[in-house]
Amino acid sequence: MAIETFRFDGQTVVVTGAGGGLGRAYALFFAARGANVVVNDMGGSVDGKGRAAKVASRVRDEIEAAGGKAVANYDSVEDGEKIIQTAIDTFGHIDILINNAGILRDKSFKNMTDRDFDFVYKVHLAGTFKCTKAAWPYFVRQGHGRIINTTSASGLFGNFGQVNYASAKLAIVGLTKALAVEGKGSNIFCNAICPVVASRMTETVMSPEELMNIRPELVAPFVAFLVHRSTTSETGSIFEIGGGHMGKLRWQRTQCLQVSNNTPISLDELLLRWNRFNCSDPSRPSSDAAYSVSPSVNPAGLRFDG
Ligand code: NAD
């Protein structure tokens, strides 16, 4: 199918944090391809202080000026049900949810306060949960839904000064994978993206030359492909996208050490066999492996009672 046929006419897309950066790029991309767009943004500074209705209004105006359909919403993602209600009240339905809103409260772990930690969690993890929770019953009822969550290299690999952000962003991966499992039977697909783009989040840590090559507009087509109705091959996946680079990430498991289920291994034996965990010839576990007690699927013989 040629890319030009990937349209979204009549579908409603909610984009959180769409007043700038990546969210704005998504909103403009979907609107240009026929979607009704809910442009959510609370405004405020990069560390989540203050509010400004004008950022969402401005993107709505841009879309309308280009002949597209959009409504602005100024609620925090912490009140996800209000954002989804705006979609229902204005367009009658919701088809696609892009959980994108985010803030930073970077501090070394030594200096990080409980509030720095909690606030980042509330916006990223609870915000993603609340918006998805509110959209979910509509997706289930109509037998169709697409969700994109936003993770980060910081969460996947770690980064100095971002214990709050990194842990919330990796929690979003867990949320994504569990939602993918729960949504499969209802034609609800949920994937996570790990972007690297020029925005106010990165403008203080990258040079102008670097920023020029990672415009947010470069990420939007990839996300649109993932959430298109005809894309049914991906759910629970994590994709890294930035500039001209696009890749898929997945877990791997080392070769497993098979020991008796009844006798604890001695520390001396562990020392002798530690090289089993050197990551050569790894396997690639999926959600089936997490809950399996079959040694062929889960050779570690781990038991989960979830
Ligand atoms: P950005 O600051 O331009 O965009 C984030 C938007 O979210 C802002 O417009 C902000 O007003 C809005 N927002 C913040 N708190 C909100 C709330 N409670 N409710 C509603 N809206 C709120 O930054 P961006 O780079 O476009 O970031 C978009 C997403 O991508 C974020 O989740 C971010 O963590 C993630 N991300 C970005 C990068 C990058 O390289 N820029 C890398 C990894 C992950």
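**Exercises on a predicted model**

The largest share of the shell around the ligand, three residues, is supplied by helix α1. Helices (H or I, at least four residues) and strands (E, at least two) are DSSP runs, numbered from the N terminus. Residues are numbered from 1 along each chain as its sequence is written.

**Exercise 1.** Describe the residues around the ligand.

Step 1. A residue is near a molecule if its C-beta atom, placed from the backbone, lies within 6 Å of it.
Step 2. There are 33 residues around the ligand, and G17, G21, A101, G102 and S199 come nearest.
Step 3. Both α1 (21–32) and α4 (114–142) give at least two residues to this shell.

**Exercise 2.** Work out the strand order of the sheet and find its edges.

Step 1. Two strands pair if DSSP finds at least two bridges between them.
Step 2. The order of the eight strands is β3-β2-β1-β4-β5-β6-β7-β8, in an open sheet with mixed pairing.
Step 3. β3 (69–73) and β8 (245–249) each have a single partner strand, so one side of each has no neighbour in the sheet.

**Exercise 3.** Examine the pair β5 and β6.

Step 1. β5 (residues 145–150) and β6 (residues 188–195) run parallel and are joined by six bridges.

Note on methods:
This is a predicted model: local features need pLDDT of at least 70, side-chain atom pairs count only at pLDDT 80 or more; totals for chains, interfaces and linings use all residues.
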